[in-house]
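Below are some notes for a colleague who has the model open.

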Amino acid sequence: MKAAVVSAFDTPPRYRDFPAPVAVRATEQVVDVIAAGLHPRVRSQADGSHYTSTGELPLVPGIDGVGRGADGVLRYFLLPDTTLGTMAEQTLVDLRRSIVLPEGSDAVAVAAALNPAMSSWVALRRRIEFGPGQTVLILGATGSAGRMAVQIAKLFGATRIVAVARNAGLLAALPALGATETVALADTARLGTVAAEVDVVLDYLWGEPAADALAAIVTARPDRGKPLSWIQIGSVAGPTAAIPSAALRAAHLQIVGSGQGSVATGDILAELPALAAAITAGAFDIDARPVPLSEVERAWADAPRTTARLVLTP
Ligand SMILES: NC(=O)c1ccc[n+]([C@@H]2O[C@H](COP(=O)([O-])OP(=O)(O)OC[C@H]3O[C@@H](n4cnc5c(N)ncnc54)[C@H](OP(=O)(O)O)[C@@H]3O)[C@@H](O)[C@H]2O)c1
């Protein structure tokens, strides 16, 4: 079969022949892949920089996708760490890590949106007690995950949604998705004013911007006893952040992470049917662009230059 194959970590995947999978266990099924998202996590898998990388090559990247097996059922699936990912004509799915999609679902939209959307959906459902009437700040709101977070916070009944990012042009588009306020990332003084009383922060950045934002918000908080839940989700601005110890003592601040590991796989899977239903019902504005699998090298070059989530279609 054809697949996107990584033969060296310093070279993008190439469209090549790769051995087709064979199901061995009763819980496994070979599926024909219809759509696989090129998420940031997939890029780090393909260049060997992700912490789960074992260094084993060759490898087919892709951590999730939409496809159909011999039973004819349309499914979204999450793969475990494997050298046969989803960017192939076929892959091997553990049915326990899959959900059935309604017939007629837009496979490209689902493959584009489920990974970025689950970051905030799972964080708000599984890492804190969140309910209508609460207020949310999204740090790094202009990426695929940040834009979905704005819409998911709105869906979950947030009354204020403060969107913070460095790209002014993209930030200006977020009120149309549900942001009630936007703040330039560099404007920490305004951040302190606008977000002093926020209940939850969904943090996609970490690094220096997160440390600066946290200090600005905690310092400006009129009621230091009011709970502030800081949920660490992504680290595009840096793997470490210098959080002042005083921030944890002087305010009712809790910092938690959300992702695979901090949320059990079963709990993530339990959230996916409702999220997939919202996606297929058209609840969200999704910026997805399909690219034929045979053009995987072009997709790799284009991905950093576009705000759309690229989706490879075998
Ligand atoms: N834990 C989870 O469950 C989970 C799930 C999905 C994703 N994630 C993580 O969430 C993060 C975002 O994912 P995504 O799909 O939204 O990626 P994406 O679409 O590539 O967006 C990345 C965003 O980060 C911004 N950015 C990059 N470097 C920055 C910096 N130094 N300072 C400020 N902003 C910066 C970019 O802004 P510009 O437009 O200004 O370049 C862009 O808006 C990634 O780290 C991803 O691994 C976590």
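1. Helices (H or I, at least four residues) and strands (E, at least two) are taken here as DSSP runs, numbered from the N terminus. With that numbering, tryptophan 206 sits in the loop between strand 11 (200-203) and helix 6, and this residue, although not a glycine, has a positive phi of about 55 degrees. Most residues other than glycine have a negative phi, and most peptide bonds are trans.

2. The model is a predicted one, in which local features need pLDDT of at least 70 and side-chain atom pairs count only at pLDDT 80 or more, whereas totals for chains, interfaces and linings use all residues. Residues are numbered from 1 along each chain as its sequence is written, and side-chain values use heavy atoms, with hydrogens and water left out.

3. The peptide bond from leucine 57 to proline 58 is cis, with omega near -5 degrees. Proline 58 belongs to the loop between helix 1 (40-46) and strand 4 (64-69).

4. Glutamine 260 is placed in the loop between strand 13 (253-257) and helix 8 (265-280). Leaving aside residues up to four places away in sequence, glutamine 260 touches Tyr51, Arg97, Thr265 and Ile268, where contact means heavy atoms within 4.5 Å. Between glutamine 260 and lysine 2 there are 258 residues in sequence and 29 Å in space, C-alpha to C-alpha.

5. Helix 2 (residues 107-127) packs on helix 3 (residues 144-155) at an angle of about 45 degrees, and their axes are 8 Å apart; axes are lines fitted to C-alpha atoms, for helices over the stretch in contact, and angles run from 0 to 180 degrees between N-to-C directions. Helix 2 and helix 3 are therefore oblique to each other, given that angles under 35 degrees count as roughly parallel, over 145 as roughly antiparallel, 65 to 115 as roughly perpendicular and the rest as oblique.

6. The crossing of helix 2 and helix 8 is right-handed. The contact of helix 2 with helix 8 divides into 16 nonpolar, one polar and four charged residues.

7. Helix 5 (residues 188-195) and helix 6 (residues 207-220) have axes 8 Å apart and an angle of about 45 degrees; helix 5 and helix 6 are therefore oblique to each other, and their crossing is right-handed. Thr188, Leu191, Gly192 and Ala195 of helix 5 make this contact with Asp212, Ala213, Ala216, Ile217 and Ala220 of helix 6, and by class it has six nonpolar, two polar and one charged residues.

8. The structure holds one cavity of 30 Å³ or more, and the largest cavity has a volume of about 80 Å³. On a 1 Å grid over the protein atoms alone, a cavity is a set of points where a 1.4 Å probe fits but cannot get out, and a pocket is an open set with protein on both sides within 12 Å along at least five of seven lines, lining residues having an atom within 4 Å of a point. Grid points are joined across faces, edges and corners, and a volume is the space filled by probe spheres set on the points. The lining of the largest cavity includes Ala113, Pro116, Met148, Asp285 and Arg309, with at least two residues each from helix 2 and helix 3.

Notes
A crossing is left-handed if the near helix is turned anticlockwise from the far one by less than a right angle, and right-handed if clockwise. Ala, Val, Leu, Ile, Met, Phe, Trp, Tyr, Cys and Pro count as nonpolar, Asp, Glu, Lys and Arg as charged, and the others, Gly among them, as polar.
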